[in-house]
Structures are given as structure tokens and as C-alpha cells.
Amino acid sequence: MTANPADRRQQAAAAGYSSKGRSARSFVDDTDNSVRATALGALHRLGELTNDDLEKALEDPSPNVRRRALTISTQFQDVAIDQLLDDKDIAIAEVAAWACGERPVEDHIVAALARMAEGHDDPLCREAAVAALGALGDEAGRQAILAGLDDIVAVRRRATLALAPFDGDDITAALQQALDDRDWQVRQAAEDLLPPDSE
């Protein structure tokens with residue numbers, strides 16, 4: 001095996017396009033995180049990636065590998081990913097929120113996203129959680145999305161859009177209030193979502 005990580009990464013990527021699952025698998029425990037992440041993608045491309053492979057990658061010490069595993073996880077519904085909503089790396093927690101929003105609704109996932117949306121210290125994570133709750137459209141996420149309308153502007157924008165799957169007097173009232181938001185994108189989103197006769 002070559003000592004150059006760039007060469008090994010290239011070999012792992014190439015294996016994913018040549019039906020060499022065994023060759024791609026030889027790189028999943030590589031000492032270089034970029035090689036491990038590439039091997040993960042190669043195995044997925046070949047249809048050789050297992051739940052065990054993905055679960056191991058989700059616990060990898062490298063954020064690079066965990067991020068790749070999360071992006072793949074949307075197609076592996078039996079593999080739990082909600083533990084990464086609490087990842088110490090903010091970027092990983094943000095991607096985990098997105099990935100949760102791309103999977104079927106599960107009560108504990110919606111609850112975890114709601115906690116993130118309302119209580120995470122990082123605004124990017126709150127924004128991602130609100131977006132995921134909107135994508136899921138589950139009633140249990142309703143209040144957390146509404147709470148996002150009182151957050152910083154990026155979260156308010158996302159929360160306004162996330163109200164699209166919901167209806168009711170509280171949603172109408174929230175959108176009407178958003179028409180007076182100081183941010184024009186929030187106002188525009190609210191205007192787009194409100195029925196013409198309710199503005």
C-alpha cells in the first residue's frame with residue numbers, strides 16, 4: 001500500500017467505480033481520515049456498504065468521516081443518527097439535523113430536533129433543526145418552529161419557511177406578525193405562505 005494518503009484516496013475512489021468492493025473495503029480502516037471517508041463513499045456506490053460499516057463510521061474520531069456517514073445515512077433508515085445531534089463538532093451536529101429531516105418521522109427524533117431548535121447554543125444548529133422540523137412536518141415540532149420566529153434573523157427566515165406544512169389560527173397569526181419583521185426575506189416568505197385573503 002502506498003505511503004501517500006492522496007494516492008490511497010485516489011485508489012479508494014477508483015475502486016468505487018470499478019466493482020472492486022473488496023479493494024474499496026481495504027481502505028475503511030486507513031490511518032488517514034480522508035481515505036476512510038472516500039472508502040465509505042466507494043462502498044456505498046458499489047452497494048457494498050453495510051449497517052455495521054455505517055455505524056462504525058458514525059463513531060469515527062474524524063469529523064470528516066462522520067460527515068460523510070451522515071450524508072449517506074439518509075438511505076439507511078435502520079441506523080440511528082440522532083446521537084450526532086449532540087456531537088461536539090458544531091458542523092457535524094448541523095449535518096445531523098439535516099439528515100434527520102431527510103428520514104421518516106420518528107417521535108424521539110422530532111423531540112430531539114425540537115430541543116436543538118429551542119435550546120442549542122449555536123444558531124446554525126438551531127437553524128438546521130428548525131429546517132429539519134419543517135421538512136418532517138410533524139405536529140410535535142410545531143411549537144419549536146414557532147419559537148424560531150423570535151430567534152436571530154437566519155433562524156427566523158428558516159422558521160417562516162418551515163411553517164409551510166402547517167395550518168391553523170396560530171400559524172396564520174405567526175405569519176401575519178412576520179409580515180412586519182425587519183428582515184425583508186422573512187416578510188417575503190410570510191407573504192408567500194399566507195393566503196391572499198388573510199394578509
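1. Charge first. The protein has 21 positive and 37 negative charges, and their mean positions are 10 Å apart. Lys and Arg count as positive, Asp and Glu as negative; His and the chain ends are not counted. Each charge is placed at NZ of Lys, CZ of Arg, CG of Asp or CD of Glu.

2. Basis of the note. This is a predicted model: local features need pLDDT of at least 70, side-chain atom pairs count only at pLDDT 80 or more, and totals for chains, interfaces and linings use all residues. Residues are numbered from 1 along each chain as its sequence is written, and side-chain values use heavy atoms, with hydrogens and water left out.

3. Overall fold. The protein has 12 helices and zero strands. Its pattern along the sequence is α-α-α-α-α-α-α-α-α-α-α-α. Helices (H or I, at least four residues) and strands (E, at least two) are DSSP runs, numbered from the N terminus. The C-alpha trace spans about 65 × 30 × 25 Å along its principal axes.

4. Burial and surface. Of the 199 residues, 47% are buried. Buried means under 20% relative accessible area, exposed over 50%, and partly exposed in between (1.4 Å probe, protein chains only). The accessible surface comes to about 10200 Å², and carbon and sulfur atoms hold 46% of that. These areas come from the Shrake-Rupley method with a 1.4 Å probe; for residues, only the protein chains shown count as cover.

5. Contacts along the chain. Take the contacts with a separation of 6 or more: residues 24 or more positions apart account for 55% of them. Contact means heavy atoms within 4.5 Å.

6. H1 against H3. Helix H1 (residues 5–15) packs on helix H3 (residues 33–46) at an angle of about 5°, with axes 8 Å apart. H1 is therefore roughly parallel to H3. Angles under 35 degrees count as roughly parallel, over 145 as roughly antiparallel, 65 to 115 as roughly perpendicular and the rest as oblique. H1 brings Pro5, Arg8, Arg9, Ala12, Ala13 and Ala15 to the contact; H3 brings Ser34, Val35, Thr38, Ala39, Ala42, Arg45 and Leu46. Axes are lines fitted to C-alpha atoms, for helices over the stretch in contact, and angles run from 0 to 180 degrees between N-to-C directions.

7. H5 against H6. Helix H5 (residues 63–73) and helix H6 (residues 90–101) cross at roughly 5°, and their axes come within 9 Å. So H5 is roughly parallel to H6. On the H5 side the contact uses Pro63, Arg66, Arg67, Leu70, Thr71 and Ser73; they meet Ala91, Ile92, Val95, Ala96, Trp98 and Ala99 of H6.

8. Arg68. This residue lies in helix H5. Its relative accessibility is 31%, so Arg68 counts as partly exposed. Beyond residues up to four places away in sequence, Arg68 touches Ala37, Thr38, Leu40 and Gly41. Arg68 and Gly41 are 27 residues apart in sequence, yet 7.4 Å apart in space, C-alpha to C-alpha.

9. Arg156. Look in helix H10 (residues 153–162) for Arg156. Arg156 counts as buried because its relative accessibility is 5%. Neighbours within four places aside, Arg156 is in contact with Gly148, Leu149, Asp150, Asp151, Asp181, Arg182, Asp183 and Val186.

10. Arg158. Helix H10 also holds Arg158. At 36% relative accessibility, Arg158 counts as partly exposed. Arg158 touches Glu127, Val130 and Ala131, not counting residues up to four places away. Its C-alpha is separated by 14 Å from that of Ile171, 13 residues apart along the chain.
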